[in-house]
Amino acid sequence: MRAERYLAGVLLALLLAACGASTPTLTPSPAPSPTTAPTETPYRRPTLPPTFTPPPGSPSPIAQITETTIFVSPLLGSAPPPPLALTLPEGWRFGYDTIVFQDLGTFTDVPLALYEGPVTGGQGVIVLLWNFPSFVPFSASNPARPNLWLDGLRLLRLLVFDASCNLGTAPQRAYSIGGREAVGTTFSAVDCDDAPNTRGWFAGLQVDGINYLFYVYVDPIEAMDGQAAFDLQAVLDSVEWLGTE
C-alpha cells in the first residue's frame with residue numbers, strides 16, 4: 001500500500017460506500033485555523049475492496065459526488081468536485097476531499113480529487129490538486145502565469161508521497177491535458193515504507209485563472225513500460241473544462 005498522506009480518507013470513504021455502511025450527514029467544514037496544526041500523523045491508504053462496482057444507472061463519474069465520507073485530519077472531509085469532466089474506464093473509482101498542510105509558515109487548504117482503477121498490467125492512480133496558490137515567483141517575462149513545473153515538484157514531495165520515499169525526477173517537458181498544453185516531468189518513487197515502487201508523471205496548467213496539477217502513476221512499476229501509460233493518458237485526454245468556451 002502506498003504511503004500518501006491524504007489518500008486514506010478518500011479511499012476509506014469509497015470503502016464505506018462499497019460495504020454499504022450508513023452515510024453520515026455532511027455539514028460544511030469550518031475553515032482551518034491559521035494557528036492550529038492538524039493533529040493526526042501521516043497514514044497509509046487501505047486496500048480498496050475488489051468487489052466494488054458503481055451504482056447501476058450512474059449518470060457519469062463526475063456527477064456522483066460521494067456522500068459517504070469520514071473526517072480524518074488533515075483532511076477536512078468535504079470538497080466540491082473540480083470544475084471539469086472526464087471519462088473514467090470501467091471499474092474505476094473516485095473521491096473528493098480537501099487537505100490542510102503547512103507551507104512557508106502558513107496553513108493552506110487545497111481541494112483534491114482521486115481517481116483509481118485498473119489499467120493494462122496494473123492499477124492506475126490519478127491525483128488532481130486544484131485551486132491552489134502558487135508559492136513560486138512569477139516569471140518576469142510572463143508575470144500572469146505561475147511556474148507550475150516548480151509547484152508540481154514541490155507538492156510531489158510535500159503532499160503526494162510520504163517523506164520515506166526516495167523520489168527521482170527528470171527535466172521539464174510538455175504534456176497535454178484535455179487538448180491544452182501543460183508542463184511537468186516524469187518521476188519515480190522507490191524504497192517507500194511498506195509500499196511498492198512506482199513511476200509516472202505530473203502535468204500542470206492554468207485554466208480560467210485556476211491552477212491544476214495532475215499526478216499520474218501505476219502499480220506495479222513495470223506496468224508503466226507497456227500500455228498502462230497510454231491508458232492513463234487517454235483519461236487525461238478526455239478532460240473537458242466546464243464553464244469555458
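## A helix against the strands

The buried residues of α2 (148–160) pack against β2 (93–103), β4 (122–130), β5, β7, β8 and β9. Contact means heavy atoms within 4.5 Å. Buried means under 20% relative accessible area, exposed means over 50%, and partly exposed lies in between, with a 1.4 Å probe and protein chains only. Helices (H or I, at least four residues) and strands (E, at least two) are DSSP runs, numbered from the N terminus.

This is a predicted model, where local features need pLDDT of at least 70, side-chain atom pairs count only at pLDDT 80 or more, and totals for chains, interfaces and linings use all residues. Residues are numbered from 1 along each chain as its sequence is written, and side-chain values use heavy atoms, leaving out hydrogens and water.

## The chain as a whole

Of the 245 residues, 46% count as buried. Among the contacts in the chain with a separation of 6 or more, 63% come from residues 24 or more positions apart.

## A closer look at α2

Which residues of α2 are buried? They are Leu148, Trp149, Asp151, Gly152, Leu153, Leu155, Leu156, Leu159 and Val160.

From end to end, α2 spans only 15 Å between its end C-alpha atoms, while a straight helix of 13 residues would span 18 Å at 1.5 Å a residue. That expected span is 1.5 Å times one less than the number of residues.

## Strand β8 and its partners

Strand β8 (residues 198–207) has eight of its 10 residues buried, so it is largely enclosed by the rest of the structure. Two strands pair if DSSP finds at least two bridges between them. With β7 (residues 180–190), β8 pairs in the antiparallel sense over seven bridges, and here Thr186 stands opposite Trp201.

With β9 (residues 210–219), β8 also pairs in the antiparallel sense, over nine bridges. In β9, Trp201 has Val216 as its bridge partner, and Gly204 has Leu213. Two residues lie between the strands of this hairpin, where Asp208 takes a positive phi near 50°.

Nine of the 10 residues of β9 are buried, leaving the strand mostly covered. β9 pairs with β4 too, in the antiparallel sense over eight bridges, with Gln123 opposite Asp219.

## One disulfide

How many disulfides does a search of the whole structure find? It finds one, where a disulfide is a pair of cysteine sulfur atoms within 2.5 Å. The partners are Cys165 and Cys192, with sulfur atoms 2.0 Å apart. They link distant parts of the chain, 27 residues apart: Cys165 sits in the loop between α2 and β5 (166–169), and Cys192 in the loop between β7 and β8.

Both Cys165 and Cys192 are buried. Why is their disulfide right-handed? The torsion about the S-S bond is about 120°, so the disulfide is right-handed.
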